[in-house]
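Trainee: I would like to learn how to read a single side chain, a helix and a pocket from a set of coordinates. Could we work through them one at a time?

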Amino acid sequence: MSDYILEAKGITKEFPGVKALDDVTFKVKKGEIKGLVGENGAGKSTLMNVLSGVWPAGSYSGNFYVEGKECKFKTIRDSEVEGIAIIHQELALIPLLSIAENIFLGHIQGKNNIMDWNLTYKNAIPYMRRVGLADEDPGTPVNQIGVGKQQLVEIAKALSKNCKILILDEPTAALNEQESKNLLDLLKSLQADGITCIIISHKLNEICYVCNSITVLRDGKTVADFEDAKTVTEDELIKNMVGRELTNRYPKKTNVPQDEVYFEIKDWCVHHPEFPDKLVIDHANIKLRKGEVVGLAGLMGAGRTELCMSVFGKSYGCHITGEVFKEGKKIDCSTPSKAIDNGIAYLSEDRKQYGLILTNTISMNISLANLKRLAKNGVLDLDREVRETGESAKQFGVKCSSIFQNVGDLSGGNMQKVVVSKWMYNAPDVLMLDEPTRGIDVGAKYDIYCIINEMAAAGKAVLVVSSELPELLGLCDRLYIVNEGKINGEMDVKDATQENVMKLLI
């Protein structure tokens, strides 16, 4: 009998103009935690979608086996019957339903397809305890708990289906450091109970921490398979992922910050949109200079995103007070269009919901924020749009079959580059970048870092929000530390360490 609980042989999957998987081989031993790494577009999520029935049999070639039995799934339900559960990066929860209801989505707790609410809440409690949600009420709507706990609800939902193989796609992308460690430790606990886990992540330190073995994909092919994760270093993984040595994680800084304050947020207060008495941003003051990259450090819920969104056209909050100055003059940022007209750009942490129109082409998305540039007498010059957006996509290294490809078909890293291209096409003076490298691989991260560096070197004022302290320390010139909506400190990166920043975060 095979030692492998899951085997994939010769898996090939094609999309129009793209071969996403090319004769991929992938094996997972029973009871291990398997890491799957690669650059954006390498085929990781596609492979997991094949193995879990998201892409049905017949849409790909090759074979895979679960406990030695060949499987050809037509639906996700078929894979669940065989004990496979997949948790996607975008959580599949219904926000207004309770924790218990989400855990048992698709399999009613009761008789004759009639929901027994008491039984539902009672049956949810053991799964909630198993994943570390013992302190939560099973009747709490999931939109009232944090992202970290929502991730645990997804795992509880998978356990309720008696899964033997748990696939997690970027499970810690939206979590802070402590939440990430708790989740990884939970996976180790599940492993001790005999559950096999496959984890896709761009956070190589987490992969090395939790995994027993690691497979690397590049350009849709299996390029390396490390049966003992303890024998491989992060640098070796990076080399296999990108096909070259990556000696520095951050580009050499070429920007020279000017002395004068160029952009200033003064005495900024923002109240919660649903609970107006709650102060989310409390008298924040921030100054940016031309040619400077400034970081906003803070834990989840500290108010970093809320600050940026409220400044960008009051896109978040109510009862907003305070002033915004550019070159010493007060400016009106009361709507997104006015903020854009004043040279301000905001790259959202949620690129799919707020940054892009996924059903539109790359070309249309890039030009979206600056249609005035392409219009004459109210009519768009489509030839110019194609020409200029094509140049922009090429400049920022967007990998695509053509600029007429839908953005929704791109990998996460290339989506992020399209968002950056969109705002740079608008030629802003001030850029607020919220989690600009979330959910993208180390090679694409380096590309984004280079773009940020180039923006600052060109005299832009750049504000970066990131949950990763090493990223802020490697990228920025100066830091503001945000805690519970207040600016809790400011320091030059030369004087900053993870330790002294963390003291101000908590």
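Mentor: Let us start with one side chain, keeping in mind that this is a predicted model: the side chain of Gln 109 makes a polar contact with the side chain of Asn 123, at 2.8 Å.

Trainee: Where is Gln 109 found, and is Gln 109 buried or exposed?

Mentor: Gln 109 is found in the loop between helix H3 (99-103) and strand S7 (110-111), and because its relative accessibility is 13%, under the 20% cut-off, Gln 109 counts as buried. Beyond its neighbours within four places in sequence, Gln 109 is in contact with several residues, including Phe 104, Ile 114, Leu 119 and Asn 123.

Trainee: How far apart are the end C-alpha atoms of H15?

Mentor: They are 22 Å apart, which agrees with the 22 Å that the 16 residues of H15 should span at 1.5 Å a residue. As a general idea, an α-helix has 3.6 residues a turn, so residues three or four places apart point the same way. Among the buried residues of H15 are Ile 448, Tyr 449, Ile 451, Ile 452 and Met 455, and what covers the buried residues includes H8, helix H14 (412-425) and H16. Just after H15, Gly 459 takes a positive phi of about 95°.

Trainee: Which helix gives the most to the lining of the second largest pocket?

Mentor: H6 does, with five residues, while H15 is one of the helices that each supply at least two. That pocket holds about 1,100 Å³ of space, and its lining comprises 19 nonpolar, 11 polar and 12 charged residues.

How values were computed
Residues numbered from 1 in each chain as written. Predicted model: local features only at pLDDT ≥ 70, side-chain atom pairs only at ≥ 80, totals over all residues. Heavy atoms only, no water. Helix = DSSP H or I, 4+ residues; strand = E, 2+ residues; numbered from the N terminus. Buried < 20%, exposed > 50% of the residue type's maximum accessible area, 1.4 Å probe, protein only. Polar contact = N/O pair within 3.5 Å; in protein donor to acceptor, adjacent residues only side chain to side chain. Contact = heavy atoms within 4.5 Å. 1 Å grid on protein atoms, 1.4 Å probe; cavity = no way out; pocket = protein on both sides within 12 Å on 5 of 7 lines; lining within 4 Å. Points joined across faces, edges and corners; volume = space filled by probe spheres on them. Nonpolar A, V, L, I, M, F, W, Y, C, P; charged D, E, K, R; others polar. Expected span 1.5 Å × (residues − 1).
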